[in-house]
Structure formats: structure tokens, C-alpha cells
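Visitor: Please take a close look at one part of this model. I would like to hear about the place where the two chains meet.

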2 protein chains.
Amino acid sequence: MASRRGMAQAEIGSRRANSVYETIRSGIKERKWLPGGKLPSVREMGERMEVHRLTVLKAYRQLAEEGIIEAKYKSGYYVKSHSMASSESLHAGDWDYKARSLYVNRSRLSDIHRQQVDYQMSEALIDPNLLPNAYLSNYVKQVFDLYPRVLSTYSTVLGDPELREELACFFLAKHGISVHPDELLITTGSQQAIDLVSRALAKPGDKALIERPTYSPAIDAFHQQGITLLPVEIAPEGYDLDEVERFMKTERPRLFYMNPTYQNPTGYTVPAAQRKRLVELAEKYQCLLVEDDVYHDIYFGSPPPPPLFYYDTEGYVLYIRSFSKYVAPGLRISVLAARPALMEAIAPVKALSDNGTPLLNQKIFQHYFFSTRLQEHVVKLRTALELRKTAMESQLADTGWHWASPEGGLNLWLRLPRDIPVDELLRRALSRSIAFVPGSICDPLGGMNDRMRLSYSYLNEGKLAEGVHRLIAIADEIRVEHRFL
Amino acid sequence: MASRRGMAQAEIGSRRANSVYETIRSGIKERKWLPGGKLPSVREMGERMEVHRLTVLKAYRQLAEEGIIEAKYKSGYYVKSHSMASSESLHAGDWDYKARSLYVNRSRLSDIHRQQVDYQMSEALIDPNLLPNAYLSNYVKQVFDLYPRVLSTYSTVLGDPELREELACFFLAKHGISVHPDELLITTGSQQAIDLVSRALAKPGDKALIERPTYSPAIDAFHQQGITLLPVEIAPEGYDLDEVERFMKTERPRLFYMNPTYQNPTGYTVPAAQRKRLVELAEKYQCLLVEDDVYHDIYFGSPPPPPLFYYDTEGYVLYIRSFSKYVAPGLRISVLAARPALMEAIAPVKALSDNGTPLLNQKIFQHYFFSTRLQEHVVKLRTALELRKTAMESQLADTGWHWASPEGGLNLWLRLPRDIPVDELLRRALSRSIAFVPGSICDPLGGMNDRMRLSYSYLNEGKLAEGVHRLIAIADEIRVEHRFL
């Protein structure tokens with residue numbers, strides 16, 4: 001992975017920077033460069049010491065931070081006449097009134113994701129080895145020949161008209177859903193679609209229904225907008241529709257954010273009959289349904305029921321569909337479908353956010369997604385992911401941990417016995433290079449302390465089996481210790 | 001341009017769709033397909049009529065909209081048993097309480113931009129003919145060989161570490177500004193940076209200073225956040241610093257959004273002495289300076305003074321720098337520099353917005369921007385743009401219209417004689433395929449009705465001369481008519 005390689009390079013770079021740093025520091029101490037005197041330029045010093053200029057820059061930067069040298073405009077670095085610690089008068093505390101409190105889930109989650117671990121079962125990402133990288137790269141090069149000016153051209157706010165036409169065609173052919181290209185908005189990933197919807201269609205003080213558990217960044221997005229969340233339990237059979245109706249009737253929520261197909265994190269799928277009824281309830285109580293559909297094409301047996309969007313005739317469903325996750329996640333292409341009355345409110349917020357998703361990404365996606373090769377890829381990908389799921393499940397078979405085997409998606413949602421506290425398990429797992437997502441992060445109420453999400457999409461079968469094996473060993477360790485307490 | 005070509009294709013497509021539409025409609029009328037009966041699939045009908053499936057889809061969609069046929073899930077299109085108009089129960093009025101009022105400037109501006117005109121002097125875009133498209137396309141292909149998994153990899157929230165390292169190096173080498181890579185955030189265009197700053201660092205009810213006139217989407221971004229704007233006049237010599245200090249002292253604004261170098265729309269540049277003093281005032285009154293620097297490298301004589309960010313030692317300046325505008329606007333790469341205390345508040349909002357700018361765009365930008373070829377390109381570009389500016393100015397020489405000749409940037413800011421109402425001029429100009437931006441859109445107070453912005457960056461010299469010539473003719477026409485009223 002490019003970022004991993006970058007990381008390794010950065011480490012080597014740091015070591016080199018340290019030695020450059022030491023050399024210059026001693027040079028100054030030994031009055032090789034005098035106070036007030038100019039140091040060689042970054043480039044010159046790099047050549048002299050036979051290191052990259054970035055390495056020199058790092059050393060200079062560190063020396064500047066320590067007040068030993070200073071940068072002067074358009075001139076370069078100088079040895080300071082007298083060392084003086086800079087007093088930074090802005091402190092985080094002054095500015096965080098908004099940011100700190102609102103991103104609790106996100107920051108816990110990114111703390112986990114940030115760790116470089118050998119057994120990565122926390123991020124629901126598809127193993128790059130399962131993606132047709134080489135083929136795609138070659139394919140992509142054609143896009144520049146097809147659209148020689150793709151790099152000079154802005155997209156429109158809604159997104160490239162050709163791509164939206166093709167997607168409209170796809171929705172019809174694949175799902176029998178008739179949608180006009182102007183009812184489609186291309187977003188930079190599903191995250192942006194959720195953010196736009198929360199900004200455009202709800203105001204502070206509004207209420208929203210949300211699944212319990214759910215995709216945790218969605219909790220953050222709605223909280224950031226000042227929206228009160230009302231949790232609706234999701235079970236392998238779907239929701240308790242009486243509860244949903246009671247909520248809609250008494251609380252008059254503005255919207256229901258849902259992920260009804262191979263739900264994240266549970267893997268549960270809301271059955272077709274409930275979908276139809278939910279759309280009726282939405283109309284009756286004028287509650288928008290925000291349907292986030294990221295795993296639709298990642299099924300193991302038969303395809304899932306049609307999206308709720310299919311049953312919608314009155315425009316109450318907003319449909320967020322992500323494709324690029326399993327095609328080319330680096331492109332970050334998702335699509336949001338909404339009827340004109342809603343799109344009219346969302347499009348200006350998209351304009352404000354970034355003026356439209358970059359055209360290049362849309363064109364690459366378009367040309368790859370609608371190629372015949374893609375269907376072959378998805379078929380293979382399903383098989384590969386099912387094998388991984390099976391590998392994880394057979395390793396877990398004798399643990400006494402509970403889960404409902406998902407028929408699609410990238411995750412297992414597990415309930416652990418009471419004598420294995422998930423937080424303790426996570427703490428120890430991370431220290432041994434194993435990562436997963438604790439249930440509490442996915443719960444809008446912050447509970448579900450006996451649950452965890454394990455993603456089987458990133459590691460190959462061998463590593464998955466080994467990672468889960470080690471995780472079980474840690475759990476056994478905790479159980480034994482607790483028995484002796 | 002890809003989008004223009006797309007547009008032309010769409011028109012041809014519409015004509016074809018009309019004939020397909022007519023054929024099917026008559027077929028139904030003539031009971032070739034019976035009520036309740038299934039129509040041929042989109043693909044089949046396309047083959048039969050020798051048209052693209054999108055063309056058929058359009059015709060089917062139109063017939064469905066008219067209630068003549070209907071789509072059924074996973075089955076296809078059917079002739080309706082009885083025609084029935086659909087009653088859409090969601091109306092724009094229900095949802096626009098937020099969107100409508102907040103995007104007044106934006107919607108007026110996009111109404112103008114949306115028009116396809118021959119003499120495009122409204123958008124401050126660089127003519128794609130001035131960008132090294134072919135070279136860049138070939139260059140870009142190498143990125144896929146260098147980073148074979150760039151399409152499978154997500155960026156970190158702040159942006160690619162290598163790119164941020166290179167940019168830190170650039171800021172030091174070019175401006176003598178020492179900035180740590182973690183004080184840099186890569187954004188999808190400058191628009192996103194402004195949006196993030198307004199969301200992360202201000203809350204509804206806060207006050208902010210803004211230049212009068214200014215970049216109009218910034219007005220929208222701050223309004224959307226519920227911020228009260230206090231206008232600071234900008235003149236060819238800069239601001240009235242006594243006025244700025246009075247505002248800071250009495251109104252305690254949270255921030256000052258500014259565009260001090262070849263300002264949009266005026267082209268004015270705030271002199272170095274004022275920059276230094278502004279930073280002192282910002283510290284004294286604890287008012288953040290949000291410095292939007294989009295045209296820094298587009299100068300015609302000597303380079304502009306250093307950014308305000310250069311004078312900042314206490315962390316009060318947020319610096320937004322855009323490069324991709326004149327390199328590859330389609331990439332949408334900008335960088336926001338902010339000291340740690342502020343970055344800590346901004347990064348979570350970026351995570352919420354889109355989880356990080358796509359890696360692909362960052363890698364392409366990095367490899368091109370730091371190539372030697374780029375500097376050669378920028379030098380040529382400056383000359384070309386200066387020639388265009390001169391062409392526009394000589395055409396305007398005898399009009400009696402006033403402007404201060406800008407030393408950089410893409411725009412002329414003109415004051416027209418009282419007997420030529422700018423709104424009337426715009427109305428007539430648009431009807432004759434000439435577009436420009438009326439001053440009122442750029443004024444946070446909605447005045448400046450005798451001003452206009454003419455961009456000289458998009459048309460070549462010949463077209464510019466012709467466009468301005470025609471515009472003057474329209475103005476003369478108006479003047480003559482008014483004389484006879």
C-alpha cells in the first residue's frame with residue numbers, strides 16, 4: 001500500500017534527519033556557523049551531506065522549533081543570536097467548544113484505525129489484493145486519451161451529466177427504478193452524502209431515527225448538526241415496525257437514517273415486506289428515509305431485496321449508493337438519489353462544500369464501472385469474501401460467542417460472554433497488533449459493551465484464521481484471570 | 001471541452017429520443033403494444049431501432065412521466081392499463097426553509113454561469129488551451145506505475161503525508177515559512193477550505209469581517225453558518241486599518257475572511273506594511289485572519305508581497321493556498337495551513353465532510369507540481385494572461401469606464417457611468433451570448449450596482465476584443481435609449 005510504504009520511508013527519513021540534525025547542532029556548538037550567520041540552503045546542505053532535501057528540512061525544522069536557528073523570508077535559515085522559546089498564545093482550549101464534544105465516536109474510532117497492526121479486523125475495507133489494480137490502472141490511462149481535457153475541466157455541482165445518465169440507466173436496468181439524471185448527485189464517498197443530507201434537510205433541534213447499532217460516523221454527522229437521535233433496534237428479522245410507527249407518530253422525526261442491506265455493523269437485512277411498509281409509514285408521517293446502501297452488491301447467496309427506494313412513489317426516500325468501495329475505493333465515488341423537491345435543497349449545500357466532485361474521478365469510475373470486466377470482478381470478489389467470512393466463522397465456532405451469519409457485507413457482529421469485557425479485550429488485542437471495533441462505538445446510546453465488530457474483508461484467509469485464533473487466546477487469558485479474581 | 005461535447009451529444013440524443021418516443025407512442029396508440037403488455041427491453045428496442053440504449057431510456061422515461069407506460073421491478077416497461085397522473089406529495093416549499101434564503105448570491109451567480117455563451121467573461125477560469133493538457137495526461141499515467149494501488153487506497157484525513165511534506169518544503173523554500181506537514185490539510189478546492197473553516201471555527205451568531213466586494217461564494221458559506229458579516233472596504237491601496245481596528249475593538253469579530261493578493265473581484269493587493277500590521281491587530285484583538293490566496297503565482301510584474309501567514313508568529317492566520325487552478329483545475333487540490341490549535345478543530349470536520357480528499361488527485365498533483373516543467377508552464381501562463389488583460393484593457397480604453405489595472409489575477413473590476421445600469425447591461429449581454437458578473441453579487445451589502453467583473457482568463461485575445469467590443473456597443477445602445485426617454 002502506498003501509505004504503508006510512505007510510512008516506512010518516513011521512518012528511514014527520520015533516522016537520517018536525526019543524524020543531519022546532530023551534525024548541524026554540533027556545527028553550531030563548535031561555532032562552525034556563527035550566531036546570526038546564514039546556514040547553507042536546504043538544497044546545498046542536502047548535496048553536501050548526500051541526503052534528500054526533505055531530510056535536511058526536517059533537521060532545520062527541529063532546530064528552528066528548539067529556537068536554535070530561525071527561518072527568514074526568501075533568505076533561508078540563520079543561527080539565532082540568542083535562544084528564545086516561542087510562546088504560542090493560541091491554545092486548543094479556545095477553539096474546541098464545538099469540535100471536541102461532537103466527534104467522540106469518530107475520535108475513538110480513528111484512534112483504533114490509526115494503529116498499524118498485523119491483524120487489521122477493525123476497518124471494513126476490501127483487501128487491495130482483491131481489487132484488479134493493474135488492470136484498472138491500464139484501463140484508467142485510456143480515460144486521458146478519451147477526455148484529453150479532463151484535468152482542465154470542472155465538474156458541474158450535481159456531477160458529470162454522462163455519468164449520471166449511465167447511472168440512471170443502471171438503476172432502471174438493475175432495479176427497475178426510474179430516476180432522472182437530475183435526481184442524482186455524485187458525492188465524494190457516502191460520508192459526504194450523509195453530511196450533505198444532514199446539513200440540507202435537518203436543522204438543530206430536529207429529531208432523527210437511527211438504527212441501534214449503526215455506522216458510527218453517521219452518529220457524528222447528525223450530532224454535529226444538533227439533531228437529537230432516537231435509536232431503533234435492528235435485529236436479524238429487521239425492525240419492530242410498531243416501535244417505528246410509535247416513534248414517527250409521537251416524536252415526528254424529520255428523517256430515519258438506515259442501512260437496511262447487510263447492515264453495518266450487524267450484517268442484518270431488513271426484509272422486503274418491511275421495506276414496503278416503511279415507505280408507507282414514511283409517507284403517512286412525513287418522515288424522510290435516508291437509505292444508505294453500501295454493500296448491496298456484496299451478497300453471498302441470492303441478491304438482497306430491492307432497495308426501499310424502489311417502493312417509494314412519493315419522494316420520501318433518499319438513496320445513497322456506493323459502488324467505488326469494491327471497484328476502486330481511492331476514487332471515492334458515491335451517488336445520492338433524491339426527488340427534485342429534496343435535491344433542490346441538497347445541491348446548494350454540495351456547491352458550498354466543494355463545488356462538485358472532481359471530474360477526473362467521475363470519468364475514471366464511469367469508464368470502469370460500465371465495462372464488462374467489472375461484472376466478472378464482482379462475481380470473483382463475492383466468492384473471495386465469502387471464503388474469508390467462512391474462515392473467520394469456523395475459527396470462532398467453538399468459542400460460545402454469538403452472531404447471526406450475514407448473507408452479505410464485510411462484517412461479523414458478535415456478542416461475547418459476560419466474563420470477557422470487550423474494552424479489556426480490545427486493550428490487550430491492540431497491544432498484540434490485533435484491531436477490531438468495540439460495540440459501544442456503534443451504539444448511539446453508548447452501550448452494547450458486550451458486542452464487537454470483526455471485519456473479514458481486509459486480511460487473507462490464513463491471516464484471518466491466525467488473527468482470530470490469537471484474539472480467542474487473549475479472551476481465554478482474560479477469562480482465566482477473572483476466574484481467579 | 002468534455003462538458004461542451006457532452007452537451008452537444010445530449011442535444012443530438014434528444015432529437016433521436018424524440019423520434020423513438022414518437023414511434024413508441026404511435027405504436028401504443030395503434031395498439032401494437034396492448035394495455036398491460038410488456039414493451040421490448042431497452043437494449044432490444046435500441047437494437048431494433050438502431051439507437052443507443054440511453055436514447056431508448058429517455059423515450060421510455062418521458063412516456064413513463066406522461067403516465068403512458070410504467071416501469072416494473074426487475075421486469076421492464078409495461079403499457080399502462082389506464083393513464084394516471086402521479087401526484088407528488090413532496091413540494092419544494094416544505095424543505096427549503098434553509099436552502100432557499102441562504103444561497104441567494106450563489107444562485108444568481110450560477111444562473112449566469114449556467115448559460116452557454118460565446119463570450120464567457122463571467123467565470124474566472126483559465127482557458128484550457130493555456131494548460132499543458134497533453135503533457136499532463138502523459139505525465140499522469142506514470143502515477144499509476146509509481147503507485148499501482150493508488151486506486152485501492154484511502155487518503156488520511158489531513159491528506160497524503162508525502163504531498164504534505166513536499167508542500168512544507170515548498171512553503172519554506174518559496175516563502176521562508178516554516179510549517180509542519182501536520183499543520184497542512186489537503187482540501188478539495190479552496191471552496192471546501194472556506195466551508196470547513198466556517199463550520200469548525202465559528203458558531204451561529206458570531207461576527208466576521210469580510211472584504212467589500214468579495215468572492216461571493218464566501219458570503220454564502222458564512223451566511224450558511226449563521227454568521228453576521230461586517231464589510232471592510234478594499235481599495236487599490238488596501239484597507240482602512242483604523243476602520244479594521246475599530247471593528248475588531250467594538251464588534252469582536254471571530255475572524256476576518258480576506259483575499260489580499262490580486263483580490264477577487266477587484267485585483268487589488270494589500271501592501272506588505274498593512275499585512276504586518278493586520279497580523280498585529282489580529283493578535284491584539286484575537287481575531288483569526290482567514291487568508292485565501294488563489295492567485296499568488298499569477299503576477300505580471302514583480303511577485304506580490306509575502307502572504308500574511310508569513311508575518312504570523314502566534315497562530316492567528318489560517319492560510320488557504322490554491323495551486324491546481326492554474327495547473328490542473330480538474331484535480332481540485334488546495335491546501336489549508338493552520339497551527340495545531342486550529343487544525344485540531346478543523347480536521348474532525350474534514351473527516352465528517354468526506355473522510356479525506358481522494359488520494360489519486362493528490363498523487364497526480366504532487367508529481368506534476370514538483371516537476372521542473374511546472375515552473376516553465378507558469379512563466380508562459382503569466383505572459384499569456386497579461387497579453388489577454390492588455391487586449392481587454394485597450395478595447396476598454398475609450399469608454400470612460402473606470403478600473404485600476406491589476407498587477408495579477410484573472411479579473412478587471414470596472415465602474416460604469418451612471419447612465420448604464422449594470423443589470424440592464426447584463427440582461428441584454430446574456431441575450432447576445434456575452435456573460436460577466438454584476439458587482440452586486442460580490443457585495444455583502446448587495447449594492448455596488450454600478451460595478452462589474454470582467455474575467456480575461458478564459459477567452460483568447462481575439463475573442464476577448466470582440467466580446468468587449470460587443471459589450472460596449474450594447475452599453476452605447478442603452479445610453480442612447482436612455483437619452484431619448
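Guide: Start with a term. Buried area is the accessible area, taken with a 1.4 Å probe, that two parts lose on being put together, summed over both. The size of an interface is often given this way. Between chain B and chain A the buried area is about 10,000 Å². Carbon and sulfur atoms give 56% of that area.

A word on the source. This is a predicted model: local features need pLDDT of at least 70, side-chain atom pairs count only at pLDDT 80 or more, and totals for chains, interfaces and linings use all residues. Residues are numbered from 1 along each chain as its sequence is written, chains are lettered from A and ligands numbered from 1 in the order in which they are written, and side-chain values use heavy atoms, with hydrogens and water left out.

Now the residues. Contact means heavy atoms within 4.5 Å. By that rule, 115 residues of chain B touch 112 residues of chain A.

Next, the charged pairs. A salt bridge puts a side-chain nitrogen of Lys or Arg within 4 Å of a carboxyl oxygen of Asp or Glu. Six salt bridges are counted between chain B and chain A. A:Arg199 and B:Asp195 form a salt bridge through their side chains, at 2.9 Å from N to O.

Which helix supplies the largest share of chain B's side? Helix α13 (residues 340–354) of chain B does, with eleven residues. Helices here are DSSP runs (H or I, at least four residues), numbered from the N terminus, and strands are runs of E with at least two. By class, the side of chain B that touches chain A has 58 nonpolar, 26 polar and 31 charged residues. Ala, Val, Leu, Ile, Met, Phe, Trp, Tyr, Cys and Pro count as nonpolar; Asp, Glu, Lys and Arg as charged; the others, Gly among them, as polar.

Now one helix pair. Helix α7 (residues 133–146) of chain A packs with helix α6 (residues 133–146) of chain B at about 170 degrees, their axes 10 Å apart. The angle therefore makes α7(A) roughly antiparallel to α6(B), a label for angles over 145 degrees. Axes are lines fitted to C-alpha atoms over the stretch in contact, and angles run from 0 to 180 degrees between N-to-C directions. From α7(A), the contact uses A:Ser137, A:Val140, A:Lys141, A:Phe144 and A:Asp145. From α6(B) come B:Ser137, B:Val140, B:Lys141, B:Phe144 and B:Asp145. By class, this contact has four nonpolar, two polar and four charged residues.

Conventions: Angles under 35 degrees count as roughly parallel, over 145 as roughly antiparallel, 65 to 115 as roughly perpendicular and the rest as oblique.
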